Amino acid sequence: MLLVCLLEMHWRFHPKQTKMDLYGLIKIIHKIYNYTNKLLHSVLVAFTDLTAGLLGRLFFRQHFHLLLSVMVMFGPVLSLWVSKYSIFGNKNQYLYRVFLHSCWGWTFTLCGSFVFLLSYCISNSIIHSIRHLSRLAVAGVMWQLIRRLLSFLVDASGSCFEPLRTTTVAHGTPIEMDDSDTSSIRGPLLLLRSEKGKAACLRAGLQWQGCEVSDDILILSFCCLILAEEICVFGPCLTLGRPLGSPLRILFLMCVLLLSLWIFLILCLLAHFPLFHSQMVGGALGYLGRKGLYKGWHVLKPGWCCLGRPGVGFGHHM
């Protein structure tokens with residue numbers, strides 16, 4: 001509507017002229033473009049300043065892990081109210097397939113881009129930026145080591161079983177037992193098989209009995225804690241007076257959105273697929289991984305063997 005009014009004001013016709021004044025139209029479009037850019041930039045600055053201020057508070061930085069722990073502990077209670085027909089009760093749902101299975105890839109891409117660009121804008125040094133980015137590389141190596149170690153422990157502590165067939169009383173025809181009947185070892189209902197490893201056992205359509213650790217809750221908790229540690233320094237950086245452009249602010253909001261998505265997926269998994277003990281262990285391991293990196297190694301004096309915590313070298317306000 002605004003565009004139509006402006007066109008009517010600046011559209012010039014003469015009795016003998018039926019062609020539009022193209023120069024006037026270009027000026028109108030240019031003014032609208034500049035006004036829209038200024039408006040969007042003002043909204044972006046205001047929203048990022050507000051979000052960065054909230055996430056940069058000492059309360060959030062010190063107690064976010066407690067909030068996550070409470071979610072993991074009491075999240076399975078939500079299964080009493082969710083519907084089993086919900087779209088989030090299907091592991092093949094779009095969010096699970098696109099984001100959950102590539103959780104670390106999304107985190108490293110967006111958070112790594114934000115960390116690199118922020119440190120470069122503040123320090124104007126490629127070496128300094130790579131140094132901060134290497135924290136995420138170390139976290140990725142730790143995640144791979146934890147995943148391989150857990151896979152080894154699960155394979156070593158569990159066994160593969162095949163449900164035995166039973167017969168009906170009336171007709172003597174063989175039937176398969178339900179999953180609920182074969183969920184645990186009960187006398188002759190399961191037959192031990194020699195399949196090597198949990199993955200091979202499940203691929204063969206058999207049942208695995210042994211200790212379990214929720215990889216999904218582990219990596220989601222780990223990524224949430226890393227994102228919270230890395231993006232919370234953006235608020236203090238705004239007080240340094242350095243020019244932080246729109247691309248960096250957009251990356252920051254994308255990281256905040258990604259953090260919100262990981263929290264939402266944690267709640268979905270806890271509510272629709274409650275496995276209290278394995279999910280508790282997964283959440284605890286994710287917290288211990290963050291604790292070892294950001295509250296142990298990275299708080300040491302920066303050197304060739306210590307990368308430093310987020311915000312080191314950005315200024316005295318950090």
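Which side chains meet in a salt bridge at 2.5 Å, N to O?

1. Glu212 and Lys198 are the pair in question, with 2.5 Å between N and O. Bear in mind that this is a predicted model. Glu212 sits in the loop between strand S5 (207-209) and H8, while Lys198 belongs to helix H7 (residues 198-203), so the bridge ties together parts 14 residues apart in sequence. Glu212 has 31% relative accessibility and counts as partly exposed. Lys198 is partly exposed too, with a relative accessible area of 25%.

2. Altogether the structure has 5 salt bridges. Another one of them joins Arg290 to Glu229, with the closest N and O atoms 2.7 Å apart. Arg290 is in helix H11 and Glu229 in helix H8, so this pair ties together parts that are 61 residues apart in sequence.

3. Asp216 is partly exposed at 24% relative accessible area, and Lys91 is partly exposed at 37%.

4. On to helix packing. The axes of helix H6 (residues 126-157) and helix H11 (residues 276-297) come within 11 Å and cross at roughly 145 degrees. The crossing of H6 past H11 is right-handed. On the H6 side, the contact is made by Arg135, Leu136, Val138, Ala139, Met142 and Leu150. H11 brings Leu285, Gly289, Leu293, Tyr294 and Trp297. H11 is also the helix that holds Arg290, from the pair with Glu229 in point 2.

5. Last, the surface. Val70, Met73, Phe74, Val77, Leu78, Leu80, Trp81, Val82 and Leu267 make up a nonpolar patch of about 860 Å². Helix H3 (residues 58-74) supplies the largest share of the patch, 3 residues. Where does Val70 belong? Its place is in helix H3. Val70 has 44% relative accessibility, so it counts as partly exposed; the cut-off for joining a patch is over 30%.

Technical notes:
Residues numbered from 1 in each chain as written. Predicted model: local features only at pLDDT ≥ 70, side-chain atom pairs only at ≥ 80, totals over all residues. Heavy atoms only, no water. Patch = residues over 30% accessible without salt bridge, like charges linked within 9 Å, V, L, I, M, F, W, Y side chains within 5 Å. Areas by Shrake-Rupley, 256 points an atom, 1.4 Å probe, with all protein chains shown as cover. Salt bridge = Lys/Arg side-chain N within 4 Å of Asp/Glu carboxyl O. Helix = DSSP H or I, 4+ residues; strand = E, 2+ residues; numbered from the N terminus. Buried < 20%, exposed > 50% of the residue type's maximum accessible area, 1.4 Å probe, protein only. Axes fitted to C-alpha atoms, helices over the stretch in contact; angles between N-to-C directions. Left-handed = near helix turned anticlockwise from the far one by under 90°. Contact = heavy atoms within 4.5 Å.
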